[in-house]
Amino acid sequence: MVGMEKDVEILLEKAILCEGDDLTIAAITGDGGSGKSSLARIVFNFAAVGEAFERRGWVVVSEEVRVRDMIKELCVQMKRTETMEWELNLMDGLELPELQQRLYQRLEGKRYFIVFDNMRRDEDWAEALGQALPGEVKGCRFLLTMPNPLSDDEDGYVHTMKCLDSNESWLLFLITVSDGKDLEDLSDIGKQILNKCNGLPLAITLVGGLLLRVKFP
């Protein structure tokens, strides 16, 4: 949450828990390592979000992802049971239209919130996935994390991540490497390293974790 408190508040107010019955799409954009996925995860797990939506789903969009796999994953997330492994095996034998229908039925009449993490433009699976998502339910929300903002002709709130300032960077570094241990001998090198991290949370936590392992194996 270091440096993200205001981001969480704004995103919830303007995009996720905002008033309105239309299905809306919001995006978190920013440089790689700026905390887009972390912010989306915090919002996804926020208590008020869990209360507001009957169904929640999270899909990581990779270059190798197939729409079948995305629909299967969402089907499982939307209805977790003790027979998930059996159900996944069952879905392996279903054609795409059957999978679309299964997901549609699990979301029908439910207010849902889905995060598409690491989204890119012009995804060729978007249309096929859209056919599996009911559009008549009021107040549903999509949240995308993506490196580039939506185009000017697309509607939706866009939240641009900002890099951490020097104080926030140092605080995150301390949280990462402290673990209740003495940091006096890491202070100088830590601040030198932070100057090269450019306020990117991922870079800070990666370097901090490396220093922690080297210093306290």
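Predicted model: local features only at pLDDT ≥ 70, side-chain atom pairs only at ≥ 80, totals over all residues.
Residues are numbered from 1 along each chain as its sequence is written, and side-chain values use heavy atoms, with hydrogens and water left out. Local features need pLDDT of at least 70 and side-chain atom pairs count only at pLDDT 80 or more, whereas totals for chains, interfaces and linings use all residues.

Six aromatic pairs were found in a search of the whole structure (rings of Phe, Tyr and Trp, the last by its six-membered ring, with centres within 6.5 Å; planes under 30 degrees apart count as stacked, over 60 as edge-to-face and the rest as tilted). F44 and W58 form an edge-to-face pair, with 5.5 Å centre to centre and 85° between the planes. Because F44 belongs to helix α2 (residues 36-44) and W58 to strand β2 (residues 55-60), this pair ties together parts that are 14 residues apart in sequence; helices (H or I, at least four residues) and strands (E, at least two) are DSSP runs, numbered from the N terminus. Both F44 and W58 are buried, a term for under 20% relative accessible area, with exposed meaning over 50% and partly exposed in between (1.4 Å probe, protein chains only).

The pair of Y112 and F142 is tilted, at 6.1 Å centre to centre and 35° between the planes. Y112 lies in strand β3 (residues 112-117) and F142 in strand β4 (residues 141-146), so the contact ties together parts that are 30 residues apart in sequence. Y112 and F142 are both buried.

One aromatic cluster is formed by F44, F53, W58 and F113. R41 lies over the face of W58, at 3.7 Å from the ring centre, and the charged end of R56 sits over the ring of F44, 5.2 Å from its centre. The criterion places NZ of Lys or CZ of Arg within 6 Å of the ring centre and within 35 degrees of the ring normal.

The disulfide count is zero, a disulfide being a pair of cysteine sulfur atoms within 2.5 Å. C18 is buried, with a relative accessible area of 18%, and C75 is buried at 0%.

The structure holds one cavity of 30 Å³ or more. G3, M4, D7, S34, M161, K162, L164 and P201 line the largest cavity (on a 1 Å grid over the protein atoms alone, a set of points where a 1.4 Å probe fits but cannot get out; lining residues have an atom within 4 Å of a point).

Key
1 Å grid on protein atoms, 1.4 Å probe; cavity = no way out; pocket = protein on both sides within 12 Å on 5 of 7 lines; lining within 4 Å. Points joined across faces, edges and corners; volume = space filled by probe spheres on them.
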